[in-house]
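I opened this structure to look up a few residues and contacts by name. My notes follow in the order in which I went through them.

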Amino acid sequence: MRNNAITVSAVIPLYNGAPFIREALESVLGQTEPADEIIVVDDGSTDDGPAIVEEMALHHPITLLRKANGGQSSARNLAIRHTTCSHVAFLDQDDAWYEEHLEILKRPFTQGHTRRLSFVYGNLDLIDRKGRLFMQGCLSQIVSPQPKRSLGDCLRHDMFILPGATLASKQAMIDAGLFDERLSGYEDDDLFVRMFALGMRSIYLNVAVTRWRIYSGSTSYSPRMARSRMIYFGKLVEMFPDDPLIGLFLSRDAIAPRFLGLLTSEFMVASRSGDTERLLRTWGDIQQVIPAMSPKAQRRMRRVHPIVDATLLTPVRSLSRRAMRHVARDVLREQRELEDMHKWTGDKLKALLAPAAVTP
């Protein structure tokens, strides 16, 4: 009989997380099925977070690793390479697991029914800074479909496969190349897309296993995040170029519309707030996305380009917002129509392939 036992390392990257790290660790220590190892990686903190971990490590089996600041990707990779466990369960410093988190996520691995199962992930409950419940099962309220069934699903929307609600095979992550340490944002999307493209299987469990904390400062804009977003965009276009010979247009129909939507929202916020640096950066990023768009969308953008350039930093910059909104609305509407068409085609194909009903 095959032995399906697995060992689990709980991994928490830590960077100036003193207000939350105790709660995060207590949620790991309170599991109905305990982790075999707990690793906290201090990513160059300058607050009391590491001291709190050291104090808790006096009474609990917690390993504290230290490194110079390099971001969550490098902190997670250090822990993955360090652990001898077969699987890794991630947790961000300001989130917390429910008591059955590991028990629930381990079950598909130990049952052994899915070939090449590489990661299992669950739903999340949204909480505020004080830990008050804001939304139950928030992934059920988000446009991004769960589970992911196609590359189009993975590329058309943010993945919303959060590491803090995921249990993943260590070897599978190594085989996929681990987290890209250039990324400080979208690093989880990047890894899980690569794992999907390699044929590694996943299972989504529609049960909240993690409390995901959202508050001012937790997801704020930063130039570092903006740079990471465009690095990720470039990677996706390089990995999944359009192939007209077989009618596959992942960059044109999935990647470019997604990032145009993200950047247009960023553009609107920066314009309304008068944040010149952010506005110029976002407008420059939009120029990088334009070549990947459809010819029709590129023509629209060429028409509004002079308007945006002329009004971007003027008192009438609302004109630039209108121009950008016009292009983005049309592109995203076409994307939704294309998605509906694909869905209709898929439903029709299923109907055609279904066995004919037998008349008694």
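This is a predicted model: local features need pLDDT of at least 70, side-chain atom pairs count only at pLDDT 80 or more; totals for chains, interfaces and linings use all residues.

**Entry 1, Leu280.** I started with Leu280, which I found in helix H10, residues 276–289. Is Leu280 buried, exposed or in between? Its relative accessible area is 42%, so I put Leu280 down as partly exposed. Setting aside neighbours within four places in sequence, I found Leu280 in contact with Leu312 and Leu313. Leu312 is 32 residues away from Leu280 along the chain, and I noted 8.3 Å between the C-alpha atoms of the two.

The protein chain averages a pLDDT of 90, and 90% of the residues score at least 70. Residues 341–360 are another matter: pLDDT stays under 50 there. For that stretch the model has 1 contact beyond four places in sequence.

Which side chain does the side chain of Asp43 join in a polar contact? I found Lys67, with the contact at 2.5 Å. Lys67 is also in the list of residues that Asp43 touches, leaving out those up to four places away in sequence. Among the others I noted Leu14 and Tyr15, then Ala68, Asn69, Gly70, Gly71 and Gln72, and also Ser74 and Ala75.

I took strand S8, residues 166–169, one face at a time. Thr166 and Ala168 are on one side, Leu167 and Ser169 on the other. These four residues are all buried, so I recorded both faces of S8 as covered. I then looked up the pairing of S8. S4 and S8 are antiparallel, with 3 bridges. S6, residues 117–127, also runs antiparallel to S8 and is joined to S8 by 3 bridges. Which residue of S8 is the bridge partner of Ala89? I found Leu167. Leu167 is the bridge partner of Val120 as well.

I counted 10 aromatic pairs in the structure. One of them is Phe90 with Phe179, an edge-to-face pair with 5.6 Å between the centres and 85° between the planes. I found both Phe90 and Phe179 buried.

I then looked at Phe119 and Tyr121, whose rings form a tilted pair at 6.1 Å centre to centre, with 35° between the planes. Phe119 and Tyr121 are both buried. I also noted that Phe119 and Tyr121 form one aromatic cluster with Phe192 and Tyr204.

Terms used:
Residues are numbered from 1 along each chain as its sequence is written. Side-chain values use heavy atoms; hydrogens and water are left out. Rings of Phe, Tyr and Trp (its six-membered ring) pair if their centres lie within 6.5 Å; planes under 30 degrees apart count as stacked, over 60 as edge-to-face and the rest as tilted. Buried means under 20% relative accessible area, exposed over 50%, partly exposed in between (1.4 Å probe, protein chains only). A polar contact is a pair of N or O atoms within 3.5 Å; within protein, one must be able to donate a hydrogen and the other to accept it, and residues adjacent in sequence count only if both atoms are side-chain atoms. Contact means heavy atoms within 4.5 Å. pLDDT is the predictor's confidence in each residue, from 0 to 100. Helices (H or I, at least four residues) and strands (E, at least two) are DSSP runs, numbered from the N terminus. Two strands pair if DSSP finds at least two bridges between them.
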